[in-house]
Amino acid sequence: MRIDIITVVPEILKSPFEASILKRAIEKGLVEVHIHNLRDYAQGNYKQVDDYQFGGGAGMVLMIEPIDKCIQELKSQRAYDEVIYLTPDGQTLDQKMANSLSLLGNMIILCGHYKGVDQRVRDTLITREISIGDYVLSGGELGAAVLCDAIIRLLPGVLNDETSALTDSFQDNLLAPPVYTRPREYKGLEVPEILTSGNTKAIEAWREEQAQLRTLKLRPDLLK
Ligand code: ADE
């Protein structure tokens, strides 16, 4: 998989890919992540990427020209399955969407900023619009980081224990059951006895039941 991210603030997008699971996925060659500074595609001394909106109104709008140049340059080098725009009015990201995006080969992610992008970008260059939730961020960069994390951890070989993505919360519309580690007792707080019983069948049944109970209590909407 190859992900190309287009942004006006590349700094925000550095650290998520320089640590932990995402870093390891890149080092193992399971995914390539390339960050492109939109300003590199801008004209003139000022390297202008945004401008006032026609018709008046507060807030700057990202211009079509540098975005088009950047996307065309990438497309001239390889084919892309999706050109995604991160925006609060996009389709809300969920596990099902992350699962299907994890099957793609190459994708471009455009991060919005200011008041958004010229509508002509969305009409002609973007194939998919995604929101990470019903709240407004100051730009699409953190959304892009969230989206990339949700996708990359699903790629085969990224997680050490390959079954562990399958037992995540949401994978079967259930929240994950509670987990415990040593010590067995801490200040009188004990680990459920079943987990130390060695009876794998009974443990599996307990986890299934706990997942059901937890979902019913915390997220009954998932069970509908
Ligand atoms: N940009 C600003 N807010 C956003 C959101 N909620 N999701 C994705 N991109 C955004």
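**Entry 1: the loop with R184.** I started at R184, which sits in the loop between helix 5 and strand 8. I took helices (H or I, at least four residues) and strands (E, at least two) as DSSP runs, numbered from the N terminus. Before going on I noted that this is a predicted model, where local features need pLDDT of at least 70 and side-chain atom pairs count only at pLDDT 80 or more, while totals for chains, interfaces and linings use all residues. I also noted that residues are numbered from 1 along each chain as its sequence is written, and that side-chain values use heavy atoms, with hydrogens and water left out.

Is R184 buried or exposed? It is exposed, at a relative accessible area of 57%. My cut-offs: buried is under 20% relative accessible area, exposed is over 50%, and partly exposed is in between (1.4 Å probe, protein chains only). I then looked up how far R184 is from L86: their C-alpha atoms are separated by 44 Å, and the two are 98 residues apart along the chain.

P183 lies in that loop between helix 5 and strand 8 too. I checked its peptide bond, and the one from R182 to P183 is cis, with omega near 5 degrees. S164 is another residue of the loop between helix 5 and strand 8. S164 comes out partly exposed, with a relative accessible area of 26%. From S164 to R153 I got 10.0 Å between C-alpha atoms, for 11 residues along the chain.

**Entry 2: helix 5.** Next I went to helix 5, residues 141-152. How many of its 12 residues are buried? I found 9 of the 12, so helix 5 is largely enclosed by the rest of the structure. The buried ones are E141, G143, A144, A145, L147, C148, A150, I151 and I152.

I also checked the length of helix 5. The expected span is 1.5 Å times one less than the number of residues. For the 12 residues of helix 5 that should be 16 Å, and its end C-alpha atoms are 16 Å apart, which agrees.

**Entry 3: domains.** The chain is divided into domain 1 (2-152) and domain 2 (167-223); such bounds come from an automatic or database domain assignment. The centres of domain 1 and domain 2, taken over C-alpha atoms, are 37 Å apart.

**Entry 4: the ligand.** Which residues are around the ligand? I listed L86, T87, P88, I130, S131, I132, G133, Y135, V136, L137, G139 and G140. A residue counts as near if one of its heavy atoms lies within 4 Å. By class, this shell has 7 nonpolar, 5 polar and no charged residues. For the classes, Ala, Val, Leu, Ile, Met, Phe, Trp, Tyr, Cys and Pro are nonpolar, Asp, Glu, Lys and Arg are charged, and the others, Gly among them, are polar.

Then I looked for nitrogen atoms of the ligand beside the backbone. T87 has a backbone N or O atom 3.3 Å from one. For G133 the distance from a backbone N or O atom to a ligand nitrogen is 3.1 Å. A polar backbone atom of L137 is 3.0 Å from a nitrogen atom of the ligand. The protein covers 96% of the 260 Å² of accessible area that the ligand has on its own; these areas come from the Shrake-Rupley method with a 1.4 Å probe. Strand 5 (82-92) and strand 7 (128-131) are the elements that give two or more residues to the shell. Strand 5 gives the most, with 3 residues.

**Entry 5: R122.** I found R122 in helix 4 (residues 119-124). R122 is buried, at a relative accessible area of 17%. Its side chain makes a polar contact of 2.9 Å with that of D89 and another of 2.7 Å with that of E129. A polar contact is a pair of N or O atoms within 3.5 Å; within protein, one must be able to donate a hydrogen and the other to accept it, and residues adjacent in sequence count only if both atoms are side-chain atoms.

**Entry 6: positive phi.** K47 is not a glycine, yet has a positive phi of about 50 degrees. K47 is in the loop between strand 2 (32-37) and strand 3 (50-52), and is partly exposed at 35% relative accessible area. K187 also has a positive phi, near 45 degrees. K187 is in the loop between strand 8 and strand 9 (189-190), and counts as exposed at 70% relative accessibility.
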